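Subject: Structure handover

Hello,

Please find the structure below.

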Amino acid sequence: MRAGVVVWAEGTTVRFRIAGGFRAERGMLLKVEDRGRRFILRVYDFRPESLLSQAEVAMLSSRAQRGERVELYEKELRLYDTALATIVAQVDEDGAAHGPTSVPPLFAPVETLERGDLDALKLDTGDLPLGVVRVGHRPGDVEVSLDGARVIPHHVLVAGSTGAGKSNLGRVLAASVLHSGRYSIVVFDCESEYLTGGGPGSMGLAHLPYSEERLFLVSNRASRPGRLRVRVSVDGVAVERSILAHPLKMSLTRLKPWDFAMTGEFTGPQEELLWMAYKTFGDEWVSTLLGMDGRGLYQRLGRMSSVNTINVTRRKLRRLVGDGEVFCEDCDYDLAGAVLSMAAKGRVIVVETPFASEGEEKLLATVIAGRLFRAYEKMRKELPEKWGELPPVLVMVEEAHRYLSKTALSSPGEVRENIFSIIAKRGRKYKVGGLYITQMPGELMETIIRQALTKIVLPLPTRPDYEKVIGYSPYLDEAEQEIKTLDRGEALVVSPPSGLRFAVPIKVYRFEDYARRLIALEEEAVVRASASGG
Ligand SMILES: Nc1ncnc2c1ncn2[C@@H]1O[C@H](COP(=O)(O)OP(=O)(O)OP(=O)(O)O)[C@@H](O)[C@H]1O
Ligand SMILES: [Mg+2]
């Protein structure tokens, strides 16, 4: 379908006159064909073209205001709408798509995309589907997916305001990982949205048949490690799944000083104190630090640390460890070890923390992410062949600004590291990636935004937030207007590791629709497997 005619082309920008009757929309993908080459364009703004004199505008507008008919002599020639578009890709005669190396000629026709054009862009060659390509606000029929093996180690940033659809996207991605079976993902789920869905009518990972094999739930729904029966309803039919689960409990004695240091909350002298206590009191070091009074500790530690440092450190420790609900003194659970062994098998690990305090949540996420990172790092250094067999693991943090903001990572005069900033900087080498979800990307450290090569931008209307994301990402330069006007569940995806080298407009699957499709596929596969197994 004809969308218009090119009236200007310069650099990577094309301006075209919009054909009468055609409705161009921001974010729309279009094409220009010229001598075997196809230029794929993305509309980013509009500009009326007017050759009317000021006197004419004044006269005509005043007539219009009085309700009189406005007739314009040679209107077609003197007043028309144009759209501005960026050339996102060039498809050569051999079908290969790459960045633009030339521009389309003036007066070449601009047309809507057909299936073949979208196929040439190779949006669906990955193994982790997210949704479908979007034409304006309408979903198209080509799937958009990420290539897990390449995307995971290079981190993913998901940004969107409240209610933009971040958790829905998180569930879609977790379901894609679960379905593929090739990767691991650890989800810290503070709202209990992932297992069975967030509310009436919504669905979760337990709805998928493969959850029996590939889901590992850490939750107080489980009273001891083992299989847990989870009841879900698939379109009115009750189904019971047997899910591998572990209580949300971890023995205090298994915590080491570096688990606390990796939260980034302790200063140099405070960290020294943690190590001193560990050397002096052994496995009971945390409970001793918390149980004994400041003066007594000062004596026991040979007066090597000031009473003030001791008291401040104890306060921080107490906040992180909480009241014993998660980090318990009289249990022997090695939760981080259990998560690690599941991650090594390519599982989706959901850690439900609806009642944990902010401190407990932070320590838990730090301990688990730290254990994964160190194990993968050690394996790569000591047993590279075994490391080669480990699935890439993605650690998902919602509210990432809480861990990775400038204020969280620095105090006067020093920049601190925590496990998530370390993963962002060094995880790539070891196949450990971060999935950072935030509604306030403006607060994040620039390095985090830059290191996350895959970016999924949901509606984000606030200037400091979208400016930060645009400023540190390739291919988003002209996307400001669109990011501001996206609807919930609509996104722009940029993922050079997946070969998506322009801002791809997508409609993220609604989790429930996507889950229904996966359920059908997985049920069929389960039936086939049991038939061939005898
Ligand atoms: N891709 C989508 N298609 C259809 N509906 C969606 C989509 N994404 C989200 N929604 C709906 O929008 C609502 C909000 O989604 P979601 O909870 O994922 O947002 P959020 O960004 O996580 O919000 P919050 O900031 O409150 O955590 C939900 O009711 C969800 O069903
Ligand atoms: Mg959410």
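Two strands pair if DSSP finds at least two bridges between them. Helices (H or I, at least four residues) and strands (E, at least two) are DSSP runs, numbered from the N terminus. In that sense strand 13 (residues 226–234) pairs with strand 14 (residues 237–246), antiparallel, over nine bridges. One of the bridges joins Leu228 to Ile243 in strand 14. Two residues lie between the strands of this hairpin, and Asp235 there has a positive phi near 50°.

This is a predicted model, in which local features need pLDDT of at least 70 and side-chain atom pairs count only at pLDDT 80 or more, while totals for chains, interfaces and linings use all residues. Residues are numbered from 1 along each chain as its sequence is written, and chains are lettered from A and ligands numbered from 1 in the order in which they are written.

The chain as a whole

The protein chain has 21 helices and 24 strands. Its C-alpha trace spans about 95 × 70 × 50 Å along the principal axes. A residue is buried if 20 or more other C-beta atoms lie within 10 Å of its own, exposed if 12 or fewer, and partly exposed in between, with C-beta atoms placed from the backbone. By this count 46% of the 534 residues of the protein chain are buried. Two residues are in contact if their C-beta atoms, placed from the backbone, lie within 7 Å. Among contacts with a separation of 6 or more in the protein chain, 70% join residues 24 or more positions apart.

Ligand 1

A residue is near a molecule or strand if its C-beta atom, placed from the backbone, lies within 6 Å of it. There are 13 residues around ligand 1, and Gly165, Lys166, Ser167, Asn168 and Gly489 come nearest. Helix 5 gives the largest share of this shell, three residues. The shell around ligand 1 then holds two nonpolar, eight polar and three charged residues.

The expected span of a helix is 1.5 Å times one less than its number of residues. Phe511, Tyr514, Ala515 and Leu518 are the buried residues of helix 21. Seen down the axis of helix 21, they fall within an arc of 85°, so they line one face of the helix; the arc is that of the directions from the helix axis to the C-beta atoms. The face turned away from the buried side of helix 21 carries the exposed residues Asp513, Ala520, Glu524, Val527, Arg528 and Ala531. Helix 5 (166–180) is included in what covers the buried residues of helix 21.

Helix 11 (residues 307–321) has 15 residues and reaches 21 Å between its first and last C-alpha, close to the 21 Å expected. Its buried residues are Ile310, Thr313, Arg314, Leu317, Leu320 and Val321. They fall within an arc of 125° down the axis of helix 11, so they line one face of the helix. Asn308 and Arg315 are exposed on the other side of helix 11. After helix 11 comes Gly322, with a positive phi near 75°.

In helix 8, the buried residues are Leu273, Leu274, Ala277 and Tyr278. Their arc, seen down the axis of helix 8, is within 135°, so they too line one face of the helix. Gly268 and Lys279 are exposed on the other side of helix 8. The cover over the buried residues of helix 8 includes helix 7, helix 9 and helix 11.

Is Glu74 buried or exposed? Glu74 is exposed, with 8 other C-beta atoms within 10 Å. Glu74 lies in the loop between helix 1 (54–65) and helix 2 (75–78), and has a positive phi of about 55° although it is not a glycine. Tyr475, in the loop between helix 19 (463–471) and helix 20 (480–485), also has a positive phi, near 70°. Tyr475 counts as buried, because it has 22 C-beta neighbours inside 10 Å.

Regards

Notes. Ala, Val, Leu, Ile, Met, Phe, Trp, Tyr, Cys and Pro count as nonpolar, Asp, Glu, Lys and Arg as charged, and the others, Gly among them, as polar.
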